Amino acid sequence: MSPGGAHVAHPGAPSPAPAAAPSAAREKLGQLRTEVGKAVVGQDGAVTGLVIGLLCGGHVLLEGVPGVAKTLLVRALAASLDLETKRVQFTPDLMPGDVTGSLVYDARTAEFSFRQGPVFTNLMLADEINRTPPKTQASLLEAMEERQVSVDGTPRRLPDPFMVVATQNPVEYEGTYPLPEAQLDRFLLKLVLPLPERGEEIEVLRRHAADFNPRDLAAAGLRPVASAADLAAARAEVAQVQVGPEVLGYVVDLVRATRTSPSLSLGVSPRGATALLAAARAWAWLSGRGYVTPDDVKALAHPTLCHRVQLRAEAELEGVTAETVLAGVLAAVPVPR
């Protein structure tokens, strides 16, 4: 299943191609997807999207109504990785220093010392990020882009790897603060988690009837199956995936078409183009190929680009969505052969 969820109108997995040589790193990342499945039923597209985020060194935004296992999905991913993870529950009274850390006065030495915040980790879960005001949301901007935090004018490097996985409720829900465009643009992917199908929901109830406890993932059999070294090896292999000039041109043509769409007031930035290319390379690698096809670009276009565009007010009133605009762009831009 391609990333982004079953409801998104975009092509599925790229067409079959000759498999690349067997890779221990690819096997480890495949085990990661299997391990998360021990706790989360369905949501295969979101799991794949999170793996792509890890491979690209990018951040992922998960959106869905309450109760579709957004937080459980990230906790299961953390339990499957031999990496340091921390969780921050974003609330209306959360302050920027509660995320990044702050200077604390030490009465014994009569000096200020820096106390690290939870952002100093490998995998940070920013739970319900849009329930905190913009000032606190913005505390993550530097960390997400520069991989550092500046406090009192002193930059402090974050660990490597570093990834933010944020969850949010739909913006029309009460008590939410929409993320600004500059922050949305820093997320590699936005994955919308749909409600489960009937069979999947029956499986959820069956597991709970069999005493599955979502608060005790170790009891469910989850264990770390990939380490930082495995991830570094996988990223090195992704970096070797070849991209032809015709595919580069196709990515550029797609993002430029969003900038001239009459339905959009804000098109995709160059950062969005590089994000689409990176995600397509990771998807090609996961598919067992050493080169990117136009179908790889199509498969990742919606989760990579939809949150980077802004609709005109009149288009919104007519019921147009970012998904339908992007689907039109994908249909109109010629695909290289």
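**Figure 1. Contact between helices α1 and α2 in the predicted model.** From helix α1, residues L29, L32, R33 and V36 meet V47, T48, V51, L54 and L55 of helix α2. By class, this contact comprises seven nonpolar residues, one polar residue and one charged residue. Helix α1 spans residues 24-36, and helix α2 spans residues 44-56.

**Figure 2. Crossing geometry of α1 and α2.** The axes of the two helices come within 10 Å and cross at roughly 140°. Angles over 145 degrees would count as roughly antiparallel, and those from 65 to 115 as roughly perpendicular; α1 and α2 are therefore oblique to each other. The crossing in which α1 passes α2 is right-handed.

Figure 3. The side chain of E35 is joined to that of K38 by a polar contact of 3.0 Å. When residues up to four places away in sequence are not counted, E35 touches S80, G221, L222, R223 and V225.

**Figure 4. The cis peptide bond between D160 and P161.** Most peptide bonds are trans. The bond joining D160 and P161 is cis, with omega of about 5°. P161 is placed in the loop between strands β8 and β9, which cover residues 154-157 and 163-168, respectively.

**Figure 5. Positive phi at A69.** Most residues other than glycine have a negative phi. A69 is not a glycine, yet its phi is positive, at about 75°. The loop that holds A69 runs between β1 (60-63) and α3 (70-79). A relative accessible area of 26% makes A69 partly exposed, because this class lies between the buried limit of 20% and the exposed limit of 50%.

**Figure 6. Positive phi at R147.** R147, although not a glycine, has a positive phi of about 60°. R147 is located in the loop between α6, residues 141-146, and β7, residues 148-151. Its relative accessibility is 21%, and R147 therefore counts as partly exposed.

How values were computed:
Residues numbered from 1 in each chain as written. Predicted model: local features only at pLDDT ≥ 70, side-chain atom pairs only at ≥ 80, totals over all residues. Heavy atoms only, no water. Helix = DSSP H or I, 4+ residues; strand = E, 2+ residues; numbered from the N terminus. Polar contact = N/O pair within 3.5 Å; in protein donor to acceptor, adjacent residues only side chain to side chain. Contact = heavy atoms within 4.5 Å. Axes fitted to C-alpha atoms, helices over the stretch in contact; angles between N-to-C directions. Parallel < 35°, antiparallel > 145°, perpendicular 65-115°, else oblique. Left-handed = near helix turned anticlockwise from the far one by under 90°. Nonpolar A, V, L, I, M, F, W, Y, C, P; charged D, E, K, R; others polar. Buried < 20%, exposed > 50% of the residue type's maximum accessible area, 1.4 Å probe, protein only.
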